[in-house]
Amino acid sequence: MQLSTSSELYFHQHYTDVVEGDEFLSLSSEEMVKLISSDELIVPSEEKIFESVIRWIKRDLDSRKQILHQLMEHVRLPLISKDYILKNVVDEPLLINCSKCKDYVFEALRFNLLRSEELITIPHNIRTKPRQPGGTHKVILAVGGEGNEGTLVSTEWYDPTINQWQPGPKMITPSLGGGLAVVNDNFAIHLGGENLDPTFQSGRGLDLSSESPRWKPTYNMLVKRELFGVSVINNCIYVVGGVDDNIILNSAEVFDLRTREWHTISNMSSRRYGRRVARGGVTGVITPPLSRGILNIFLSR
């Protein structure tokens, strides 16, 4: 069968009810992949998606089991609780016999392990990003900086659709002169900076797609820096130059979101701080300001 535009919209908005009917079980393989991969699905939890995939496969096991890995690629298992995964996913016979599916299960368990260690888990693929029915819109995020009362711990974001600034969650520590990067549109990572005398190498992350967003520790840089450049390219965060204890730096390093590790890269030919970093022609470039003031970045909320 082929879903009309109106039927597809109805499936998105009433997925929990639709999956209980015969019409859902009669979807073609192509329609099923398209449906499961949609960001527009409104579901109480990703568990419902997983259960519906297994149910759809079992309706015609011989012909449908060949595309199980294609469907599981779009089930956001990392967003499901560890207890549910261990109880209902790990021992599912269909997944045990699918090597690619087992990789997705391992990915989900590892994601949950990192989350339990209180390190914020940085999304690096579609399976670690919550579905966002209705799409997203951009906001401007202001983080830290220096105000009348000294170094700031506050954050706030501006929503251009309503022309209002709204308070955001406080940072873990006050900071100025740090760098800000964005990953997958709605995840901010604040790096380095200083608080009075000390220069930081620490990282803090903020997931704006969360129901209760708050800053959490994430992976520290290799070198303490403030007033440095930041850019995100191909799932990697690059930081260059900056200042550490009044010493201007020419060093650079990169954080790979897939391996969650920092590595040094070749030094710049000149020592630089307060410079902008960009990748040509692509939106979402992160460019810290030339002063120690507010850092602005476009994010999805």
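**Entry 1: D39**

I started with D39, which sits in the loop between α4 and α5; helices here are DSSP runs of H or I with at least four residues, strands are runs of E with at least two, and both are numbered from the N terminus. What I have open is a predicted model, where local features need pLDDT of at least 70, side-chain atom pairs count only at pLDDT 80 or more, and totals for chains, interfaces and linings use all residues. Residues are numbered from 1 along each chain as its sequence is written, and side-chain values use heavy atoms, with hydrogens and water left out.

Next I listed what D39 touches, leaving out residues up to four places away in sequence: R76, P130, R131, Q132 and P133. Contact here means heavy atoms within 4.5 Å. With R76, the D39 side chain makes a polar contact, side chain to side chain, at 2.9 Å. My note on the term: a polar contact is a pair of N or O atoms within 3.5 Å; within protein, one must be able to donate a hydrogen and the other to accept it, and residues adjacent in sequence count only if both atoms are side-chain atoms.

**Entry 2: the whole chain**

I stepped back for the totals. The protein has ten helices and 16 strands. Of its 301 residues, 47% count as buried. Taking contacts between residues at least 6 apart in sequence, I find that 58% join residues at least 24 apart. The accessible surface comes to about 15000 Å², and 49% of it belongs to carbon and sulfur atoms; these areas come from the Shrake-Rupley method with a 1.4 Å probe, and for residues only the protein chains shown count as cover.

**Entry 3: the cores**

In soluble globular proteins, nonpolar side chains tend to be buried together. I looked for such groups, taking a nonpolar core as a set of buried Ala, Val, Leu, Ile, Met, Phe, Trp, Tyr and Cys residues joined through side-chain atoms within 4.5 Å.

Which residues of the largest nonpolar core touch the most other members? They are F24, F50, V53, L68, L71, M72 and L77, out of 35 residues in that core. Several helices supply at least two residues each, among them α4 (29-36), α7 (68-72) and α10 (99-116). α5 gives the most to this core, with six residues.

V53 touches M32, I36, L68, L71, M72 and V75, not counting residues up to four places away in sequence. There is also a second, separate core of 16 residues, which includes L114, F187, I189 and I237.

**Entry 4: a four-stranded sheet**

I then traced an open sheet with the order β10-β11-β14-β15 and antiparallel pairing; two strands pair if DSSP finds at least two bridges between them. β10 (229-233) and β15 (261-265) stand at the edges with a single partner strand each, so one side of each has no neighbour in the sheet.

β10 pairs with β11 (residues 236-240) over five bridges, and G229 stands opposite V240 in β11. Five bridges join β11 to β14, where Y238 has V254 as its bridge partner. β14 and β15 are likewise joined by five bridges, with A252 partnered by I265 in β15.

How many residues of β14 (residues 252-256) are buried? Five of the five are, so β14 is largely enclosed by the rest of the structure. Both faces are covered, with A252, V254 and D256 on one side and E253 and F255 on the other.

**Entry 5: positive phi**

Last, I went through some turns and loops. β14 and β15 form a hairpin with four residues between them, and R260 in the turn has a positive phi of about 60°. N234, in the loop between β10 and β11, has a positive phi of about 50° although it is not a glycine. N234 is exposed, with a relative accessible area of 66%. N246, in the loop between β12 (243-244) and β13 (247-248), has a positive phi near 70°. At 74% relative accessibility, N246 counts as exposed.

Definitions and conventions. Buried < 20%, exposed > 50% of the residue type's maximum accessible area, 1.4 Å probe, protein only.
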